[in-house]
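Subject: Structure handover

Hello,

Please find the structure we discussed below. My notes come after it.

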Amino acid sequence: MKQEAPYVNIERSIIKEYRKTIWRPFVKGLQEYEMIQDGDRVAVCISGGKDSMLLAKCLQQLKRQSDTKFELEFIVMDPGYQPENRKLIEENAALMNIPVRIFDSDIFDIVVDVDQSPCYLCARMRRGYLYSHAKELGCNKIALGHHFDDVIETILMGILYGGQINTMMPKLHSTNFSGMELIRPLYFVKEEDILAWRDSNHLHFLQCACQFTEQIAKERAAAGETVNGGDIVHTSKRQEMKELIARLRKNSPFIDANIMKSVENINLDACLGYVQKGVRHHFLETY
C-alpha cells in the first residue's frame, strides 16, 4: 500500500481535526471582510513561521474547493537569514507542498546600524519589498499571516502605549503601490489553535530569524525562559500584551471577544474626540 505524502495529512487536519477552530474562522474572516474576489492574484507572504505556513495551506485548500476563481503566488523574502534558517524554510515548504519563490534582499544589513527604531524600519522595508515583488508577479493583493491574537494585542498596545483606539485592519489599500491591497485571512484564528495544529502535526517552524532578537532569545533560553508551549519570544510591548491578556483570560473567557468588539462598537456620541481621514474632531463641534 502506497504511503501518503506528509502534506496530505497536514492538509486533512485543517479541514477535519481543526475544522471548528481553524478552517471555519479562516473562512469567516474571508467572507465577512470580502477579502478575495474572482480574478484576484494573491501573493502569500511566507516568513517561515507557523502563522504564514498555515495561511499558505489554508489558501491552497480554499483554491481547490472554492467557486471563486483566483490565483496564488507563494513568496519568501530573505532579508539576510542565517543559512540554517533559510534551509528550514525551504525544507518546510517542500514538506508541506508549498511552491515558494524565494528572493533576496539586504534589509538586515541596512538596519543593523540604525539606533532609532530598527524594528520599525525593518518592518516598513520588508513590507515595501513584498509589495514590489508581488506586483512584479502580477499580483493585486498580498496576504499576511496575522491572527486574532495579533489583532487584540494591537488594540491594547494602542490604548496603553499609544493613547489611541485603533486596530490591525483585516484589509487595507496600499498607499504606495497603486492597485495593491493587503489582506489578513487568519483574522479570526486564535494563536493557541495554530500552536495546537503545529504540534499535532509534529511541525517545527522558524520562530524568529531576526538577527537582533535571535541573540535575546538565546539569552532567555539559557535562563530557562519559555512561553507559548516552548516558543521563545523576545521581550517587547507585544509580549507584555500577550502576557496581560493571558492573565485576564483566567478571570473571564470572554476577554478576547470583548477586546475585539470594542473596536466594532465605538460609540462616537460618547467619545471626546476621533480622527477621520486624517482630520481630528472634537465632541464640542456637535455638542
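Overall. Please keep in mind that this is a predicted model. The chain has 287 residues, and 43% of them are buried. Its secondary structure consists of eleven helices and eight strands. Among contacts with a separation of 6 or more, 73% are between residues 24 or more positions apart. The chain exposes about 16200 Å², with 51% of that area coming from carbon and sulfur atoms.

Strand 1. This strand covers residues 41–45, and four of its five residues are buried, so strand 1 is largely enclosed by the rest of the structure. Strand 1 pairs with strand 2 (residues 71–78) in the parallel sense, over five bridges. Within that pairing, A43 stands opposite E73 of strand 2. The chain gets from strand 1 to strand 2 by way of helix 3 (residues 50–65), and this β-α-β crossover is right-handed. Strand 1 also pairs in the parallel sense with strand 4 (residues 141–143), here over three bridges. A43 takes part again, with I142 as its bridge partner in strand 4.

L55. Helix 3, the helix of the crossover, contains L55. L55 counts as buried because its relative accessibility is 0%, where the cut-off for buried is under 20%. Leaving aside residues up to four places away in sequence, L55 touches V44, A143, L144, G145, P185 and L186. Of these, V44 falls in the range of strand 1, and A143 in that of strand 4. L55 and H146 are 91 residues apart in sequence, while their C-alpha atoms are 9.1 Å apart in space.

Surface patch. Which residues form the nonpolar patch on the surface? They are I159, L160, Y161, I165, I266, L268 and Y274, and together they have about 670 Å² of accessible area. Helix 7 (residues 148–162) gives the most to the patch, with three residues. Y274 is placed in strand 7 (residues 273–276).

Regards

Technical notes: Residues numbered from 1 in each chain as written. Predicted model: local features only at pLDDT ≥ 70, side-chain atom pairs only at ≥ 80, totals over all residues. Heavy atoms only, no water. Helix = DSSP H or I, 4+ residues; strand = E, 2+ residues; numbered from the N terminus. Buried < 20%, exposed > 50% of the residue type's maximum accessible area, 1.4 Å probe, protein only. Contact = heavy atoms within 4.5 Å. Areas by Shrake-Rupley, 256 points an atom, 1.4 Å probe, with all protein chains shown as cover. Patch = residues over 30% accessible without salt bridge, like charges linked within 9 Å, V, L, I, M, F, W, Y side chains within 5 Å. Salt bridge = Lys/Arg side-chain N within 4 Å of Asp/Glu carboxyl O. Pairing = 2+ DSSP bridges. Right-handed = clockwise from strand over helix to strand, strands pointing away.
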